[in-house]
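This report describes a predicted model. Please look over the sequence and the structure below before reading on.

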Amino acid sequence: MLKRFQRAWLFALILITPAWGQGHKPATAVSESDPAAVERGQAQFKSSCGFCHGEDATGSRAPDLVRSSIVAHDEQGSLLAPTIRNGRPDQGMPAFPALSDKQVADIIAFLHHQAYEASHSAHVPGNYPVAKLLTGNAEAGKAFFLGDGGCSGCHSLDGDLKGIASRMNPIDLQQAIVYPNNSRAPKPTATVTLKDGTRYEGKILHQDEFRISIMAQDGWYRSFAVPDVTIAIHDPLEAHRALTSRYTDADIHNLFAFLEKAK
Amino acid sequence: MMKVVAATLLAAVVNLQVTIAADSANASLQTADLSKPLSKDWPTFNGDYSGRRFSELSQINQSNVKRLTLAWMSQFQTVGIKSTPLMVNGILYFTTPDNVWAADAHSGETIWHYYRPSQGDHIGNRGVGMYGDWLYFGTPDCHLVSLDAKTGNLRWDIELADPKAGYFATMAPLIVRDHVIVGVSGDVTDVPGFLASVDPVTGSVQWKWNSEPKPGEPGSETWPQGTDAVTHGGGMTWMTGTYDPGLNQLYWGIGNPNPVLNGDIRKGENLYTCSIVSLNPDTGKLLWHFQPSPHDTHDWDAVQTPVLVDDDYNGVHRKLLLQASRNGFFFVLDRTTGEHILTTPFVATNWSKGIDSRGQPIPNPAKEPKPDGVLVSPGSDGATNWMAPTFDPKSQLFLFSARRLWSLFYMTAEGKPEGWAGRDRNLWADSFLVGMDYKTGNIRWKHEMGKGEAVAGLLSTAGNLLFTADNANNLLALDPATGKTLWHAHVSAGMLTGPTTYELDGKQYLLTAVGSLLIAWTLAE
């Protein structure tokens, strides 16, 4: 199977290679990182290619180009330009000799952009649109905030949460509602009591089953063997952890609508 | 192409030698040894074929483990070591992406270093396979290369799959008689997975098993008909499987389907993604399958080591297969037939509506990723993952690393989804070790490992010891029966692979990879 695949590729290269010598590689540079070129290419692709390959190039009557081998192996139009120019008559693809070099370069820029986007889609962007997240009911969110959720035990819209929706991206706000694991989130502290009664208190810098280290109230880094001391942990996010498994998705969307609209 | 031709020619030349290499008593590795219980050497990824990572060595044991001391420490100029080092006849073989080292197992001194720079995903490499005097190594550009173990010289180099299409190779090849069994990685693009068997001598492909059935084949009915959905594939084979020499059956965990977080264009169970499959190693023919995550939309590969355990239960001898799966469920199967025996969650999950008559969790469509976010346990990193589990025959406990992990899953694609089509955002995680009675799925003990996601593998030994590392850079020795800590050492970084053990000149060593350091421990004289 592998060998057959490699042989098919060799044929593809042989078929395409002569076209390079005929000046079919576009004279205009392919600029897939130029949004204007990608946008022009999208429009051109839609009118010239979309009927068969789908308007977004994900395939229709003709193959999906987003995950096509030719797009993956193309460099600056080396494979795509001749394919567009000459077509693939054996597979029913017509030639497009009338397109200008610039139009071909734009189409290629669009195809590379689509392939890049698909292969980098394991990501929720920071500017994720708020409209997609606003599916909840703000009134129900308010009721949860004041009631069932117990949020108002620690938070208030007039206090710590004042202007919260203006200070955070919507996607970050939704995450922080459930569990604020960003750098601004409050960190756990410990009170460490020695056998002689001396107490140290401060932010936890290291903790495992053997040692605990804190930045103590006297400004010194202090580290203790767990068996030698009594330790009380104060985790300001404990309520968030306890609430996590109790949330319904509707609770989260309602709370988000409540806080986002309180802008 | 030239490389393939060259490899074939070279293979013809060396063909005569292999017979000598594989049959000679002087050969570095007899493949038949991989079927024996693990003792002085560590000749394959999981030590032996069973995936138990249990060593018969007992010089280091509960009575003396507190006397463990540094034997040697060796720094390598590389990224963190994720591979499991092999140890054969006093020589260690280990890897990072693009790199293979042979080092003296007595001292950590480098014997040779092979470097092959490449394009492609450099996320990690899990080690080499060994056959006779030869090594097999997967590369970021999805090639399989064979090296001479004596010198590190290249024997041949073949392309397994097109790296430009998004394939790469990370897993440690498994040698079964005259087969080098290799899998592939890659799910950022929609490409189909496969498992291949390569001739150890010539590098030619003996068979290839595709993770997705062809139209009309059994299993094809679990994909939409009349669309290109099945060609989007997925089903990567990125972890080393296990093998039962008595049954001559291979066991392999298969990865997630594509698009990863969107199941709308691939309605159905999507066999054989997120499945455990058994294959005939001589033909690649599928013998049976079981699917831990039907129609997965959360990246829960079922690639976790399928561990092979035999027992006598109610007077019946059973040949079992155990898997703690990334989706939060533990499974016990009859490994001869694939018949289901037990399914039980080992963390609190919220994505399943129950267990069907075949023992497979039923996914709840309400917990598929959505544009406005869905709260799911576990997150895509899984309730467990590639970290090696172990089986301790004395306590009869299945021991593995687990996590409580909550995440918000977003489906972000507009139009037809391709690639991942979304992602989850982690909320919080903490990790623990599990000592599980595999007969019932009851958790006998938990040992908390700290906040975050543990990535260290496990090892158990006849010294009644369980070795691993916690999330705070401590190497640990525990009592496998109770999870109680017996020894620890704080080191400079986390352990990204599993500990191993071997014996040289009458002395047992514990080997731990910490960042890009190898640290070997032994008993103080």
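## A sheet in chain B

In chain B, four strands make up an open sheet, and their order is β3-β4-β5-β6 with antiparallel pairing. At its edges are β3 (86-88) and β6 (110-115) of chain B, each of which pairs on one side only. From one strand to the next, the twist averages 15 degrees. Strands of a sheet pair through backbone hydrogen bonds, in either a parallel or an antiparallel manner.

Five bridges link strand β5 (residues 99-104) of chain B to β6(B), in the antiparallel sense. B:Trp101 has B:His113 as its bridge partner in β6(B).

## Nonpolar cores

The largest nonpolar core contains 166 residues. B:Tyr93, B:Val128, B:Met130, B:Leu135, B:Leu160 and B:Phe398 have the most contacts inside it. Strand β27 (residues 397-411) of chain B contributes the most to this core, namely eleven residues. Another core, of 22 residues, lies apart from it and includes A:Val38, A:Phe45, A:Leu79 and A:Ile108.

Once neighbours within four places in sequence are left aside, B:Tyr93 is in contact with B:Pro85, B:Leu86, B:Val100, B:Ala102, B:Val128, B:Met130, B:Leu135 and B:Ala149.

## Where the chains meet

Between the two chains, 38 residues of chain A are in contact with 43 residues of chain B. On the side of chain A that touches chain B, at least two residues come from each of α1 (2-21), α4 (69-73), α6 (101-119), α7 (130-133), α10 (170-178), α11 (238-244) and α12 (249-261) of chain A. Sorted by class, that side of chain A has 14 nonpolar, 16 polar and eight charged residues.

Key: Residues are numbered from 1 along each chain as its sequence is written. Chains are lettered from A and ligands numbered from 1 in the order in which they are written. This is a predicted model: local features need pLDDT of at least 70, side-chain atom pairs count only at pLDDT 80 or more; totals for chains, interfaces and linings use all residues. Two residues are in contact if their C-beta atoms, placed from the backbone, lie within 7 Å. Ala, Val, Leu, Ile, Met, Phe, Trp, Tyr, Cys and Pro count as nonpolar, Asp, Glu, Lys and Arg as charged, and the others, Gly among them, as polar. Two strands pair if DSSP finds at least two bridges between them. Axes are lines fitted to C-alpha atoms, for helices over the stretch in contact, and angles run from 0 to 180 degrees between N-to-C directions. A nonpolar core is a set of buried Ala, Val, Leu, Ile, Met, Phe, Trp, Tyr and Cys residues joined through C-beta atoms within 7 Å. A residue is buried if 20 or more other C-beta atoms lie within 10 Å of its own, exposed if 12 or fewer, and partly exposed in between; C-beta atoms are placed from the backbone.
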